Amino acid sequence: MTRADSTAPPGHPLDPSGRTVLTASDVSRALRRIAHEVLEHNKGADDLVLLGIPSRGVELAHRLAGLVREVEGAEVPVGSLDITMHRDDLRSQPTRAPMHTTIPPGGIDDRVVVLVDDVLYSGRTIRAALDALSDLGRPRAVRLAVLVDRGHRELPIRADHVGKNLPTSHSEKVQVRLAGFDGIDDVVRIAGGDAR
Amino acid sequence: MSTLLLAGPTWYAADGTPGRGDVLLRDGVVAQIGTVDAPTGAEQVDADGLTLLPGFVDLHTHLREPGREDTETIASGSRAAAVGGFTAVLAMANTTPVTDTAEAAERILDLGRAAGLVDVVPVGAVTKGLEGAELAELGLMHRSRAGVQVFSDDGHCVADGRVMRRALEYVRAFGGVVSQHSQDPDLAGPQACCHEGEVSGRLGLPGWPPVAEASIIARDALLAEHTRSRVHVAHVSTAEGLDVVRWAKARGIAMTAEVTPHHLALGTDLLAGYDPVHKVNPPLRPAEDREALVEGLLDGTIDAVATDHAPHARHDKEQAFVDAAFGMLGLETAFAVVHDLLVADGRLGWADLSRVMSTGPARIAGLAGHGHPVAVGAPANLVLVDPTARVGVDRDASQSLSRNTPWHGQTLTGTVHTTILRGRVTARGGEPTTC
Amino acid sequence: MNRHLLSSADLTRDDVRMLLATASEMHEVQRRDVKKLPTLRGRTVINLFFEDSTRTRSSFEIAGKWMSADTINITGKGSSASKGESLRDTVRTIDAMSVDAIVIRHMASGAAHQVSQWVDASVINAGDGTHEHPTQALLDAYTIEQRLGNLDGARVAIVGDLTHSRVFRSNAITLRTLGAHVTLVAPPTLMPSGIGPWATTDGLTLTDDLDAVLASGPDAVMMLRVQRERMSGGYFPTAREYTVGFGLTRERLRALSDANLEAVICHPGPMNRGLEISADAADAAQSLVLEQVSAGVAVRMSVLYHLLAGEGVAA
């Protein structure tokens, strides 16, 4: 199982044979709902820290922070958590350059860290993120928010907040494009696989 | 007693005139030339398409016996020499112990005769123990059965001007010659291993500047003039050094010079790989020097091609470059390299090849029986070569006990077909004969 | 990037940029409480040092350990003058233990290159004779860029015993790779042989006038260590004459600051205070000497990561 598209560089072309499963307004609604859920579960914005997983998780984390500001009027610290150095598949892949890890000034000790990513698939990325997080401090709790859950977990990992559940087959790939990162309207598409 | 018929080779007179026909060898001399019927009991060699030359004479070989028999012995070196087309080789004195006495010289002579594949001519040290301080027993070595004519501290330079002067004066008495490894030790010390220039600068290797060679040649030329004696420049490697030889000759000084095949064909750029197989003293030089050396060979400034065959054990070469031993093998590849580089494209004619690989060196060393052009009555020290055959050099197949050849894996044009020492075959088809 | 780092010339501009970017992330790790990444767990790195160097060896050792690699220090025996194993046998014995990388420092130029021909492990050149020291050049570039920003178009002077300096050779390459203008300052006896055509080919400027170079306000001045043995080797009459002609004295420090307030001073260490660099210069605000040391670990973590973590060539 590869993460072929999750690491696609900004503005990487979409597969024209794919189909759209989330339009820009779908994405917007999903994020708004996630923001509400996070606040509801946490009973407010206190002690929340949003950490996006590069690349597109970071933009999503920032957007969630903006929505929390709108809804609750509170400023939630945002950062990024690169997991390259904690991957479990390093030896079987060409070496990748690590991306940026920024932990907000207040740190993560005794905070409620919400990891934010675009697609949840095998769960290995999140396992690596938990590993990376444990070297940085001791959160009170860690939660996971993803835009898309496409199934096929290989580890006992689950998302707390999901934008959309998308059953997929292994041969398909999920392509996420975000306005800030990719310079085009938000969209989530599925491409490849057997014809439906 | 043995009779050998060479059927149909081509040969060249000293002036370059080609000849073709059968050559009959009997009792160690050339007995008949022309159309010859094979006498009964005569061995025959089909030499059609082959070229018959005087056997090669090497003024500069290291046979390592006594002292480093793990790398070469007089017997194995003789096999390598025979396969390379040589009928005489001069064995340098830097053995352990050094060949600086009559007894040591005679021992080497006897070992060479026992092997019986090539005339091994001992070179005597100039100074005791090669230490450059006191003259060795030059006269006794000359009077010995070995009849030493050529003296050299090769490996080391006779740097002390006074010692060199005395040596030249001394050998004049019997027409001897001093072969000088021209390297001023103060300008190029024992660590110097790379031509001083851009390559040595970039690679961080201790430089060996041309002036270290040329300054010694200049001094020795003037000493030879002053003492009216003969001096020979071993392995000249630089344009600057060659210019001094040319000047000396023009002035009538009795100076001769030799060049190695590797200094003609290989360049300092090879050192970028830091492969110790390319480490040699004097070092490989840039193209300008190589071109000058080729010019010098063609115009007669250089009298001889000499191999400086230097066998080394693997563990002495498999060290860091600056720590590795200096030297390359040369006996088995000398003809192929020179032919491939200079004869194949016509720059060097066959008569000139014989001049530099046989006649010239034989004369410098005083070897009366070697280097004679093909003629009735001449001693039968000959080599048959195949100018069109190609040889892939395989170090593991070498006759030498050592493997440090820079030509491994390369294909050269021109092979030695048969080598003949006083009418007897010593090597054929790349293999020595047993005697 | 290929699987060895033998020479700074092995690295393209993209390679250097990638290594420095990763080094920046690694530098971040150094500031945490848990200075450890699991990335090279299960890899074995041998530090094979024939030449003593506490600084470089401990830097590589820490770098390996912070990446969770098993690092082992082996002291190589001297040159072949001590009749022992050949260099080839020595390294093949180590390689036969299936190690992943050999970090080698040796007194002989070219040693790392030769070793790479004899072993299966990745070979990292930690300094070979007077030839190269690629990780030093990377950490120097990193340190300067941390202070001054991008080196593209920057003017850097390298001053001192160039003939015997592997730091110079690697830095000249890496600085040029990043687009900097390099000026070499040394007395004639300490300029490497063949430097004329070399400088022309590689776009280096040569001079023996340190004061003129400082007056032009370079962005960075890299002082090289001068070994006192060079004085007795006849390269230079006396230490005093060297300092007057080529030392970064207090007066020259002032001249540099006057010409360019932002100019930085580097020295690969160890320093001969008072010889090639005055105490004032070594301790000045513009001096990057301690930052160079800190950067060294981050850069070496980056190099180990990019050579060992993945399979094959970098994406």
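Two residues are in contact if their C-beta atoms, placed from the backbone, lie within 7 Å of each other. This is a predicted model, in which local features need pLDDT of at least 70 and side-chain atom pairs count only at pLDDT 80 or more, while totals for chains, interfaces and linings use all residues. Residues are numbered from 1 along each chain as its sequence is written, and chains are lettered from A and ligands numbered from 1 in the order in which they are written.

**View 1. Which chains meet.** Two pairs of chains are in contact, and chains B and C share the most contacts. Chains A and B do not touch, with 28 Å between their nearest C-alpha atoms.

**View 2. Chain C against chain A.** Look here for 19 residues of chain C in contact with 16 residues of chain A. On the chain C side, α1(C) gives the most, with five residues; helices (H or I, at least four residues) and strands (E, at least two) are DSSP runs, numbered from the N terminus. This side of chain C has nine nonpolar, five polar and five charged residues. Here Ala, Val, Leu, Ile, Met, Phe, Trp, Tyr, Cys and Pro count as nonpolar, Asp, Glu, Lys and Arg as charged, and the others, Gly among them, as polar.

**View 3. Two domains within chain C.** An automatic or database assignment sets the domain bounds: domain 1 of chain C covers 8–133 + 296–308, and domain 2 covers 134–292. Their C-alpha centres lie 25 Å apart. Their contact takes 22 residues from domain 1 and 21 residues from domain 2.

**View 4. The domain 1 side of that contact.** In chain C, α1 (13–30), β4 (122–128) and α13 (289–308) each give two or more residues to this side. The largest share, five residues, comes from α1(C).
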